[in-house]
Amino acid sequence: MSRPQEQNEPHHLAPPRSILSRVLSGTLLLVLGRVWGSACTFLSLWLLAEHLDGDAFGRYTFYLAAFMLLDSFVDCGTGSIAVQRTADDERSIPEVIAATRRIRGVAGLIGVLIVGGGAYLTGEPGAGWILLASLYPVTHVLELSATVYRTRISWGVPVAVRAFASGLSLAFVLLLLWHDVTEPGLYLCGVALGSATANFVLHFASRRHLPRVPALTVPWRSVLAAALPLGVAGLCQQAYFYVDNLFIRYLVGEVPLGHYNVGMRMMSLCIMVGVYAALVALPWFKRELVVGKLGPSVARLGQPLLAAAGFSIGLLMPWSSALLRIFGEEFASASFSLQWLLGASVLVYLGAVMMTALVATGRTDLVLIVAAGGLALNLAGNAALVPRLGIDGAAIATFATEAAVVLGGVFCLRRCGIKGLSGNAAWRWAVGPLLFFAAWALSRQLPVDALLVRL
């Protein structure tokens, strides 16, 4: 027997409000959660940069990046497809979740063999701990229960659970530091345990909102066919964000890699608003596509996001060296690369909105083409620039990649017949870049080093 119809309506979790209001509030929640999570991450990095030697710290950040790639591999596009297929039909959730869980389970086991097994085959120090830590992405199977929150654009519970996980991971790191542990793999296990715990908690919190009927069918083949291009595209996106770790580690060294990855973490913090706004907007974009208003909606969200990003990130540009020296004087060597990464961060705000709109159209083949093109450009850029410029070359390659993704996303949306991307006025897209350079020029007049000394 199915549940009463009124319990399946979206307002069961989210009160009736304008859809843009819910997108913005969901983004705000995600940003607040990310700020907390980033604070926990940066505190861990700061403590470990002091506690571990340079090579060990570089190896720790290398595997943090590898686990980000592993997360994307295990997701395999299932998260976005689950939202896309249930955004306007929650009664299909049991079938869609059953199919996506099966896909994630298989991908998770393959991922363990790749990362954990690869650590053994390459003779990596602490390979056993790395293998143990690599098991946590398998728990993303349970995370799919939270699809019900995503389709209703109700992010309170998922954000609270993720914030709890960040605090738990930090607690494990502090516990290991208290015992004077020097093995990076053990710290990876501590971070992984926090993330895995969150997936279990999120599953049990979501269960009461799921339709209490078994899946009549498990259409995993059709879901896989739709999700696979997105999964490969997502893996390409994560790869062109983190593959420079391979080039730097083996061509430059583990110590510069640790310095560079602190800058990458700062970039990750800077782009969170744009990435989360695009994530939350997917159900809205899908509904706007149906009524022929996707283009204006993209402009309605993207233009103010780009303007805010341009101004705020522009202010940070002259602070790159000062921010890095918080982790130690030697980290200031990554100052120039961080400036390129901050410039790339502004582009991410535009690219994330465009790519999410492309996902909403259902043209996952075009999403894959743009992402694969970005990865190819990034690999070529790293191969050409890292041997000559070191970590600065990797950052320049990242900037070029994000610019290419923006252009590719706009081109593909136009090819799909999406009109109105300029919104009410095309000139509003130029506000973001103008504010970026204006804020940069303004911030250069501030006595950055003197202010840092006083702080």
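## Salt bridges in the model

In this predicted model, the structure contains eight salt bridges. Among them are the pairs E254 with R59, E254 with R249, and E143 with R104, which are described in turn below.

## E254 and its partners

E254 forms a salt bridge with R59, and the closest N and O atoms of this pair lie 3.8 Å apart. The pair links distant parts of the chain, since E254 belongs to helix α12 (residues 254-270) while R59 belongs to helix α2 (residues 54-75), and 195 residues separate them. E254 has a relative accessible area of 14% and is therefore buried, and R59, with 14% relative accessibility, counts as buried too.

The side chain of E254 also meets that of R249 in a salt bridge, with an N to O distance of 2.8 Å. R249 counts as buried because its relative accessibility is 10%. Through salt bridges that share partners, R59, E124, R249 and E254 are joined into one network.

## E143 and R104

Another salt bridge brings together the side chains of E143 and R104, at 3.2 Å from N to O. This pair likewise links distant parts of the chain, with E143 in helix α6 (residues 140-143) and R104 in helix α4 (residues 93-121), 39 residues apart.

Are these two partners buried or partly exposed? R104 is buried, with a relative accessible area of 4%, whereas E143, at 23% relative accessibility, counts as partly exposed, because the cut-off for buried is under 20%.

Technical notes: Residues numbered from 1 in each chain as written. Predicted model: local features only at pLDDT ≥ 70, side-chain atom pairs only at ≥ 80, totals over all residues. Heavy atoms only, no water. Salt bridge = Lys/Arg side-chain N within 4 Å of Asp/Glu carboxyl O. Helix = DSSP H or I, 4+ residues; strand = E, 2+ residues; numbered from the N terminus. Buried < 20%, exposed > 50% of the residue type's maximum accessible area, 1.4 Å probe, protein only.
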